[in-house]
Amino acid sequence: MANINLHELDMFMENLKRDFDKGEKRQKNREYERLSGAIRRCRKRIDAIKDENANANEVQQLQTEIDRLSAEMRNLPSLDMFDQNFKRLKFCRYADDFTIGVTGSLADAECIMDQVKAFIAQELHLEVNEDKTKIQHIETGCRFLGYEVRAMAKGRLTKYAKDGRHTIRRTTNAQVSLYVPDDVAPKFCQAHAYGDYKEPESMHRKNLLALSEPEIIFTYNAELRGLAQYYALADDVKQKLSKLFFIGQYSLLKTIAGKRRTKVGAVASRLRQGDELIYRYQVTGKENNLKVYRLKHLVRKDRDGLVDLKPVTARYTLKRTEIIARLNANRCEYCDKEERCEVHHVRKLNDLARKRDKTLLERMMMARRRKTMVLCPDCHDKLHSGRLPDWRYASVC
């Protein structure tokens, strides 16, 4: 509905961009060019006299002057950032949230904001959220779809060789990039009960103790992988999420340790394989490995468009049938027949406890504290219809 209703806004912004954009490129900064010319003349003089020992002092003076001029240049933009003959407008919308980038003056940004507000109110008959609508400098940035959109204030210095001479230059300055907001990791840690992010200190999750160990690992993997992949477009994703992954991994180990009633070190030693944590299990006689997801597994290249989908962990936390049992359900636990089986389950073990006449199958489920039994389709149908005989009388029936 947002895309249908705001399609007119997209068309309006295209026309506004067409009228606003101006110029091919920015003019060069005259002061920057003056300093660059002075440096070139100094280097040219050095090349002319450097082989003459008598001019060693002059070479040293010229090099000192080059260093001074270079330091002054690094504090200046190479282009005229206030060139009135160069303007650009960028517009990006997702559903009912949008951001506008303006290469121009503050007055230009204010004029565009007034035009957009007027169009939304008069043509679309919608209201703009005044709390979220404001003008920000690109170095301050803004929040958009969970990301922080801003530019680096200063470029880094790098050494490079040019024309046989080693020199220093800046990296691209004021390049707009995506970053992970500072509050994302602490909020995620608290929402998923990993522990105390500030300390940091991990905690086990009581609500996952009823799950099997593979399901616990699947749950943590889905949560952490989903967050990392969503922010994979950010330049600082691994830096911002490393502490959260550290807390989450120890929370996972503590949860499994709580289920086994053992120490965290024992769980880590059993799962550790080289520098990875791997849980091994068998499916239909074949060994499978379930690797604990870590931040180093995140690949930031070849991204697809599905970055805004939250992981569905309910498939592990709300399923009434344990995942490995589902994978291995090919032998009936009643008649021992080998075929594609089904998993019988009860909602609560108390449902069995309240029954007066319990079958041997039901008493086994209670003794093993299991809410599931693997049965072939024939036995499963008989159980639900009340026609499955007790094992003690199966031969008679």
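Helices (H or I, at least four residues) and strands (E, at least two) are DSSP runs, numbered from the N terminus. With that in hand, let us walk through this structure. It is a predicted model, in which local features need pLDDT of at least 70 and side-chain atom pairs count only at pLDDT 80 or more, while totals for chains, interfaces and linings use all residues. Residues are numbered from 1 along each chain as its sequence is written, and side-chain values use heavy atoms, with hydrogens and water left out.

Start with Gln249, which sits in helix α8 (residues 237–260). Is Gln249 buried or exposed? Gln249 has a relative accessible area of 17%, so this residue is buried; the word means under 20% relative accessible area, whereas exposed means over 50% and partly exposed lies in between (1.4 Å probe, protein chains only). Apart from neighbours within four places in sequence, Gln249 is in contact (heavy atoms within 4.5 Å) with Leu277 and Arg294.

Next comes helix α9 (residues 264–271), whose buried residues are Val267, Ala268 and Leu271. Viewed down the axis of α9, these buried residues fall within an arc of 95 degrees, so they line one face of the helix. The arc is that of the directions from the helix axis to the C-beta atoms. An α-helix has 3.6 residues a turn, so residues three or four places apart point the same way. On the other side of α9, Ser269 and Arg270 are exposed. And what covers the buried residues? The cover includes α8, β10 (272–273) and β11 (276–283).

Helix α4 (residues 56–73) holds Val59. Val59 counts as partly exposed because its relative accessibility is 22%. Not counting residues up to four places away in sequence, Val59 touches Ile46, Ile49 and Lys50.

Now for a pair of strands. Strands β1 (residues 88–94) and β2 (residues 97–103) run antiparallel and are joined by 7 bridges; two strands pair if DSSP finds at least two bridges between them. Arg93 stands opposite Phe98 in β2. The two strands form a hairpin with 2 residues between them, and Ala95 in the turn has a positive phi of about 55 degrees.

Finally, look at some loops. His125, in the loop between α5 (106–122) and β3 (142–144), has a positive phi of about 60 degrees although it is not a glycine. With 64% relative accessibility, His125 counts as exposed. Pro200 lies in the loop between β8 (195–196) and β9 (201–202), and a cis peptide bond joins Glu199 to Pro200, with omega about -10 degrees.
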